[in-house]
Amino acid sequence: MEKKRISRGTLGMMTRHRPTMRVPTGHPGPEGGQDDPGRTKTTEAHALANSVGEQIRSLRRAAGLTTVELATRAGLSNGMLSKIERGTAHPSFVSIASIARALEVPVARLFASYDNRRDCSFVRAGQGLIVDRRGSKSGHSYELLGHLLSGEIYVEPYFVKIEKSGSGSASFQHTGIEFMYILSGSMKFRYADRMLDVGPGDSLLFDANAVHGAEEILNGPVNLLSVVINLRA
């Protein structure tokens, strides 16, 4: 049986691979693929570096410091600090911590403007959520004025009304920091072993882990704004 002879050119045509279709970087592929993760991470890194740099520059200027002064305090070269502020250098966490210490701010403050999550709670007058809290049955009523869903801090703003029957209720104790602003009325307010006479325009800020509350209503009802701040679990 005579074998067919195949020319080199024909063999090349038979074995040559078709060109592979390339999908432009950063765009979905024909099968609905996602963006190139490498490029996405690089973009995010640049955005973070720019955001941190802008925050450092803003805080430095607010503190009245030159780049030389801040660099000296942070133990960095002036050139490196300038690059960090321009977002062209990616500093180590140690360098970030040193800069924060030199600016006398928490490290998280330098990343504050990078967090794009923004929650907003809007409550119209008289439409707050009536909440049944400890104390509600002893002359206290609570109206929750708003809430946020994200972030590490949990904030509870209340409009509180304390009737005459709320006297002698200095037994509240809970976690967090509490701020109070007296809108109307007056009372004797106990905090731990202290007794305070408070009235319209007075404010209190205290660690809510200590025993506190209205010891005596002098001119009721007492209306006040209470804001309780806790770390989100």
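Mentor: We'll go through aromatic rings, a helix, charged pairs and strands. Keep in mind that this is a predicted model.

Trainee: Rings, then. How many aromatic pairs does the structure hold?
Mentor: Three. One of them joins Phe-189 and Phe-206, with 5.9 Å centre to centre and 45° between the planes, a tilted pair. This pair links distant parts of the chain. Phe-189 sits in strand β4 (residues 177-191), Phe-206 in strand β6 (residues 203-207), and 17 residues separate them.

Trainee: Are Phe-189 and Phe-206 buried or exposed?
Mentor: Both are buried. Phe-206 has 7% relative accessibility, and the cut-off for buried is under 20%.

Trainee: And what about Tyr-191 and Phe-206?
Mentor: Their ring centres are 5.3 Å apart and their planes are at 50°, so that pair is tilted. Tyr-191 belongs to β4 and Phe-206 to β6, so the pair ties together parts 15 residues apart in sequence.

Trainee: Which residues form the aromatic cluster?
Mentor: Phe-189, Tyr-191 and Phe-206 form one cluster.

Trainee: New topic. Why is helix α5 largely enclosed by the rest of the structure?
Mentor: Count the buried residues. The helix covers residues 93-103, and eight of its eleven residues are buried, so the rest of the structure largely encloses it.

Trainee: Which residues in α5 are buried?
Mentor: Among them are Ser-95, Ile-96, Ala-97 and Ser-98. Ile-99, Ala-100, Ala-102 and Leu-103 are buried too.

Trainee: What follows α5?
Mentor: Glu-104 does. Its phi is positive, near 60°.

Trainee: Now charges. How many salt bridges are there?
Mentor: The count comes to three. Take Glu-85 and Arg-60: their side chains meet at 2.6 Å, N to O. Glu-85 is in helix α4 (residues 78-86) and Arg-60 in helix α2 (residues 37-62). They are 25 residues apart, so to speak a link between distant parts of the chain.

Trainee: Is Glu-85 buried or exposed? And Arg-60, buried or exposed?
Mentor: Glu-85 is buried, with a relative accessible area of 5%. Arg-60 counts as buried as well, at 8% relative accessibility.

Trainee: What does Asp-197 meet in a salt bridge?
Mentor: Lys-188, at 2.9 Å, N to O. Asp-197 counts as exposed at 54% relative accessibility. Lys-188 is partly exposed, with a relative accessible area of 26%.

Trainee: Which residue forms a salt bridge with Glu-215?
Mentor: Arg-190. Their closest N and O atoms are 3.2 Å apart. Glu-215 lies in strand β7 (residues 212-231) and Arg-190 in β4, so the pair ties together parts 25 residues apart in sequence. Glu-215 counts as partly exposed at 28% relative accessibility. Arg-190 is partly exposed too, with a relative accessible area of 26%.

Trainee: Last topic, strands. In what sense do β2 and β3 pair, parallel or antiparallel?
Mentor: Antiparallel, over five bridges. Strand β2 covers residues 140-144 and strand β3 residues 153-162.

Trainee: How many bridges does β3 share with β7?
Mentor: Ten, and the sense is antiparallel. Look for Phe-159, which stands opposite Leu-225 in β7.

Key: Residues are numbered from 1 along each chain as its sequence is written. This is a predicted model: local features need pLDDT of at least 70, side-chain atom pairs count only at pLDDT 80 or more; totals for chains, interfaces and linings use all residues. Side-chain values use heavy atoms; hydrogens and water are left out. Rings of Phe, Tyr and Trp (its six-membered ring) pair if their centres lie within 6.5 Å; planes under 30 degrees apart count as stacked, over 60 as edge-to-face and the rest as tilted. Helices (H or I, at least four residues) and strands (E, at least two) are DSSP runs, numbered from the N terminus. Buried means under 20% relative accessible area, exposed over 50%, partly exposed in between (1.4 Å probe, protein chains only). A salt bridge is a side-chain nitrogen of Lys or Arg within 4 Å of a carboxyl oxygen of Asp or Glu. Two strands pair if DSSP finds at least two bridges between them.
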